[in-house]
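I opened my notebook and loaded the model. I wanted to follow the contacts from one part to the next.

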Amino acid sequence: MKKYFILVLIFNVSIVGKAQNTDSQKFLLTTTSRTFGISMPNVIDPYLSPLVYGGFGMNLNQENRRYFKPDNIRYSMQDKLTLSAGMMLNPAFSSEMLYIGANYGWGVNYHFRLTKGLKILAGGLWDVDFGFKNVPRNINNPINLDMATNLNLTGLLIYDYPTRRRTLHLQAALQAPIIGYMFVPQGGASYYDMFQLGSLSNAFHFSSLHNKRGLNQTYTVDVPFNHSTWRFGLHFQNLKYKANNLVFAHNETSVIVGTTFDAISFSGKKKVAPQNFMSTND
Amino acid sequence: MNSSMKKLIVLSLFIASLFSSCIDEPIVQPNTYKGNFEALWQIIDTKYCYLDYKKINWDSIHTVYKTKVNLVSTDDDFFDLMAGMLNELKDGHVNLYSDFNKSRYWKWFTDYPSNFNSSLIYNPRYLGDNYRIAGGFNYQKIANGTIGYMYYGDFSNTFYDNNIALIFQYFADCRGLIIDVRDNGGGYLDLSEQLASYFFTQEKVTGYMSHKTGTGHSDFSKPVEIKTPAHKTIQWQAPVVILTNRLSYSATNAFVCRMKQAPNAVIVGDKTGGGGGMPLSSEIPNGWMVRFSAVPMFDANMNQIEWGIDPDVKISLTSADETKGYDTIIERAISLIK
């Protein structure tokens, strides 16, 4: 079976990759996916408005996944960073809402290899959400912060589907928050009240399935071309949470496109590149 | 499709159903006159902070206006009807905003003497033509240069420490200072705190603030202290007189509430207009925005300040003084400082 090793430059770690030409030493590759998505979000934020705001958004996502050790391919770690933004309108088109958010998560998955080309990854992911929603025309309550941290249950179904010309990498990823902590202001509290006077009682809440439910679904297909592998897919986000008698919702459907590749990085004193890897630092 | 694949699909569907939401979202009223009326009534019913304090029977108002809604046939008529319903709250912080009109309640000052004539303060006896302007303040030395006079007409006009330091430096040889906040309808609460801080020598509790915690008319949080700090480097420690009238409203009302506790301050003029509830916003299905008092503020003795703050020295403009070009209230302030 033909192997693909695509070595790339990552961030400020200066590396130049060349195909490893020896089987005697194992290296851990990091599978990185970078995608861009165009989305249609629907948001309910009763602190800002009782109406459902809908519109368009975009998101950037980077996800890295690799095994912990070369000789143990049952456990892998993953981290992912998502930046998203959206501009939405109320149903009467008389008011707009801007949303900007970031989410970072780190997790561990166990690999179940069911049959050749089919495996399931199951595990957990801890993530941190930070964002804000802005309804500019509101007076004294124009902004609401999205702040939360969650322990999520994650699952991935991966299937390598061979076709005549290439093997497609199909992936279905599910993620659902189980427990966490979240910031939800009381509907009658102003940010002046909360942050100038320190009246933050009942603003931070323990969350679990009783008051926060959601499901992130991502369905992708990785298509290898001659020199790159492209990822196409759909992402569905459904999140609903309740605190202080306020029910919030964020539903979003995204069409995503991006690239995925395996990479290796050398940095620091302990992760020195072998002699046959040439760096511009050499 | 083999059996393991089927199991996986069933498992996925099970997980999806487990985590799909069943937290009930509130019902959004339809975009009809009746639906918009119900939405507006409900916003006030659950979020407005003075229904109990003002002894307003909001359920009764629902009954009265619900029958009227059935007779409405145009947006103009519906707007006027809803504006009328909101005016039952007698609150200058309550407005309905549509694309074609903005409702307002102004009787908190139109039913009272104005006690302010802008042409008077610009006559040569007070500001004159060559007054100085800094950070939203129009200021000048008056009473033969013995008293500083500052007119501040809008708490939305930002000022900085540097502005105040230079103004106080200009007034350094004055015996006292007059800050005129008549016809100042409010603005930023932050600025009211900042301006007050120049007249305190130590931090002091000058009021309290609460907010609604539930949908009940009396569901309020425990009041938290509003403290006025003493500015670290800029402090006016000579007498200061604050001039007020009924149009001293909202953030200005909050400023006067703080200055009531300042060591060398005297409030002179008419009772302030009030506006003690910090307003928040919401909207109804047709997209109209409503602003309403949501966060009640209290003075240092936990008295409501929604209806205004009494001056220490109550005095009104007299027509005799106006004829002579004198501002009765400024004259009284001068006499108090002298």
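**Entry 1: the two domains of chain B.** I looked up the contact between the domains in this predicted model. In chain B, 12 residues of domain 1 are in contact with 16 residues of domain 2. I then sorted the domain 1 side of chain B that touches domain 2 by class. I got six nonpolar, three polar and three charged residues. Where do the two domains run? The assignment for chain B puts domain 1 at 33-105 and domain 2 at 118-280 + 293-337. I also looked up the distance between the centres of domain 1 and domain 2 of chain B, over C-alpha atoms, and noted 32 Å.

**Entry 2: the sheet.** Next I traced an open sheet in chain B. It has seven strands, in the order E2-E3-E4-E5-E8-E9-E12, and the pairing is mixed. Which strands stand at the edges? I found strand E2 (132-134) and strand E12 (313-314) of chain B there. Each has a single partner strand, so one side of each is left without a neighbour in the sheet. I noted a general rule: strands of a sheet pair through backbone hydrogen bonds, either parallel or antiparallel.

I picked one pair to follow. Strand E5 (residues 176-180) and strand E8 (residues 240-244) of chain B run parallel, joined by four bridges. Within this pair, B:Ile179 has B:Ile242 in E8(B) as its bridge partner.

**Entry 3: the cores.** B:Ile242 came up again in the largest nonpolar core, which has 85 residues. Which members touch the most others? They are B:Met150, B:Ile178 and B:Ile242. Domain 1 (33-105) and domain 2 (118-280 + 293-337) of chain B both give residues to this core, so it lies between them.

I listed the contacts of B:Met150, leaving aside neighbours within four places in sequence. They are B:Phe137, B:Tyr139, B:Ile167, B:Leu177, B:Ile178, B:Ile179 and B:Asp180.

**Entry 4: where the chains meet.** Last, I looked up the contact between the chains. Chain B brings 36 residues to it and chain A brings 42 residues. Which elements of chain B give two or more residues to the side that touches chain A? I wrote down helix H1 (3-19), strand E7 (224-228), strand E10 (277-283) and strand E11 (289-299). E10(B) gives the most, with six residues. By class, the side of chain B that touches chain A has 18 nonpolar, 12 polar and six charged residues.

Notes
Residues numbered from 1 in each chain as written. Chains lettered and ligands numbered in written order. Predicted model: local features only at pLDDT ≥ 70, side-chain atom pairs only at ≥ 80, totals over all residues. Domains from an automatic or database assignment. Contact = placed C-beta atoms within 7 Å. Nonpolar A, V, L, I, M, F, W, Y, C, P; charged D, E, K, R; others polar. Pairing = 2+ DSSP bridges. Core = buried A, V, L, I, M, F, W, Y, C linked by C-beta atoms within 7 Å. Buried ≥ 20, exposed ≤ 12 C-beta atoms within 10 Å, placed from the backbone.
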